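The following is a guided walk through one protein chain, taken a region at a time. Please keep the sequence and the model side by side while reading.

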Amino acid sequence: MSVPTVLEKIVAHKLLEVEERKRLLPQDKLEPMLVGLPPCRGFVTQLKDRASELGAGIIAEVKKASPSKGVIREHFVPKEIARAYEDHGAACLSVLTDIAFFKGSDDYLKQAREEVSLPILRKDFVVDAYQIWESRLLGADCILLIVAILSDEQLAEFHNLATTLGMDVLIEVHDEYELESALRVNPRLVGINNRNLHNFETSLSTTTSLLERIPEDCTVVTESGIHTAEDVALMRANDVSAFLVGEAFMRAENPGHQLAKLFFPAA
């Protein structure tokens with residue numbers, strides 16, 4: 001499996017970053033710090049409950065920038081954004097913590113967690129088990145595992161470790177081959193990214209074409225490319241009720257209002 005160039009760059013940088021983090025806080029000192037932490041907020045449970053209750057479970061993203069679009073939101077106050085999302089019906093949050101490519105921060109996740117009661121996904125590029133321990137310490141309730149950058153062995157190891165530490169896992173796939181790898185670990189949550197990693201174009205057919213391969217007991221999250229009421233209607237017509245949305249909200253003056261307008265206009 002060939003990894004697209006942008007991901008190659010991100011992974012190469014992330015491996016160096018993790019080694020530096022290990023130097024600053026070695027794992028044998030990090031692990032004991034998890035003792036006594038409060039339990040994770042149930043990410044999958046909340047997502048499914050909201051989808052059942054409201055017709056859509058929204059993972060609303062706190063995201064300042066991306067490699068392909070640059071800075072998406074100039075006025076960026078994580079606590080303010082998190083509060084707006086919770087007040088307007090989000091089920092969960094996704095917070096970017098990658099610094100080099102997405103202008104994220106671990107502090108953004110901490111700030112969001114202090115502000116709201118919603119479960120939070122740490123959105124980053126996990127390439128080392130150390131990051132999973134670190135995510136639990138930061139207060140993440142769920143981590144992202146991207147099949148495109150992991151071997152089957154890493155995927156299984158990281159998935160098992162995260163669940164052992166009490167976190168949920170969103171496994172992200174882009175095609176049928178990656179989905180096959182994801183399904184080997186019997187995931188509760190699979191994210192189908194509609195963005196082509198080679199040219200960054202999005203197509204919602206990526207989600208619809210993979211649905212029949214996914215077991216009924218696995219919750220499907222459609223990611224990227226959700227911008228209009230028609231996009232939402234198409235997914236709902238295909239029995240997809242969990243959405244991860246970032247850019248469409250981040251470009252709006254009030255991200256929470258945009259969430260409600262897109263998903264709950266009659267409320």
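**A buried aspartate and its surroundings**

D141 touches C40, R41, F43, R113, L118, P119, I120, M167 and D168, leaving out residues up to four places away in sequence; contact here means heavy atoms within 4.5 Å. This is a predicted model, in which local features need pLDDT of at least 70 and side-chain atom pairs count only at pLDDT 80 or more, while totals for chains, interfaces and linings use all residues. Residues are numbered from 1 along each chain as its sequence is written, and side-chain values use heavy atoms, with hydrogens and water left out.

D141 sits in the loop between α6 and β6 (142-146). Helices (H or I, at least four residues) and strands (E, at least two) are DSSP runs, numbered from the N terminus. With a relative accessible area of 1%, D141 is buried. Buried means under 20% relative accessible area, exposed over 50%, and partly exposed in between, with a 1.4 Å probe and protein chains only. The side chain of D141 reaches two backbone nitrogens: that of R41 at 2.7 Å and that of I120 at 2.8 Å. Such a polar contact is a pair of N or O atoms within 3.5 Å; within protein, one must be able to donate a hydrogen and the other to accept it, and residues adjacent in sequence count only if both atoms are side-chain atoms.

Two packed helices are described by the angle between their axes and the distance between the axes. Helix α1 (residues 5-24) packs with helix α6 (residues 130-138) at an angle of about 65 degrees, and their axes are 11 Å apart. Axes are lines fitted to C-alpha atoms, for helices over the stretch in contact, and angles run from 0 to 180 degrees between N-to-C directions. The crossing of α1 and α6 is left-handed, meaning that the near helix is turned anticlockwise from the far one by less than a right angle. From α1, the residues K14, V18, R21 and K22 meet Y130, Q131 and E134 of α6. By class, the residues of this contact are 2 nonpolar, 1 polar and 4 charged. Ala, Val, Leu, Ile, Met, Phe, Trp, Tyr, Cys and Pro count as nonpolar, Asp, Glu, Lys and Arg as charged, and the others, Gly among them, as polar.

Which residues of helix α8 (residues 176-183) are buried? They are E178, L179, S181 and A182. Why do they lie on the same side of α8? They cover an arc of only 160 degrees around the axis, which puts them there; the arc is that of the directions from the helix axis to the C-beta atoms. An α-helix has 3.6 residues a turn, so residues three or four places apart point the same way. Among the elements that cover the buried residues of α8 are α7 (152-164), β7 (168-173), β8 (189-193) and α9 (205-210). At the start of α8, a side-chain oxygen of D175 comes to within 3.1 Å of the backbone nitrogen of Y177.

S181 belongs to α8 and is buried, at a relative accessible area of 12%. Apart from residues up to four places away in sequence, S181 touches V147, D152 and L155. S181 and S151 are 30 residues apart in sequence, and their C-alpha atoms are 8.8 Å apart in space. In the loop between α8 and β8 is N186, which is exposed, with a relative accessible area of 65%. N186 has a positive phi near 50 degrees and is a residue other than glycine.

T206 lies in helix α9 and counts as buried at 18% relative accessibility. Its contacts, leaving aside neighbours within four places in sequence, are H174, I192, N193 and N194.

Helix α4 (residues 78-87) has P78, I81, A82, A84, Y85 and E86 as its buried residues. Their cover includes β1 (57-62), β4 (92-96), α5 (106-115), α11 (247-250) and α12 (255-263). After α4 comes G89, with a positive phi near 105 degrees.

K103 lies in the loop between β4 and α5. K103 is not a glycine, yet its phi is positive, about 55 degrees; its relative accessible area of 43% makes K103 partly exposed. P215, in the loop between α9 and β9 (219-223), is also partly exposed, at 37% relative accessibility. P215 and K103 are 112 residues apart along the chain, and 36 Å separates their C-alpha atoms.
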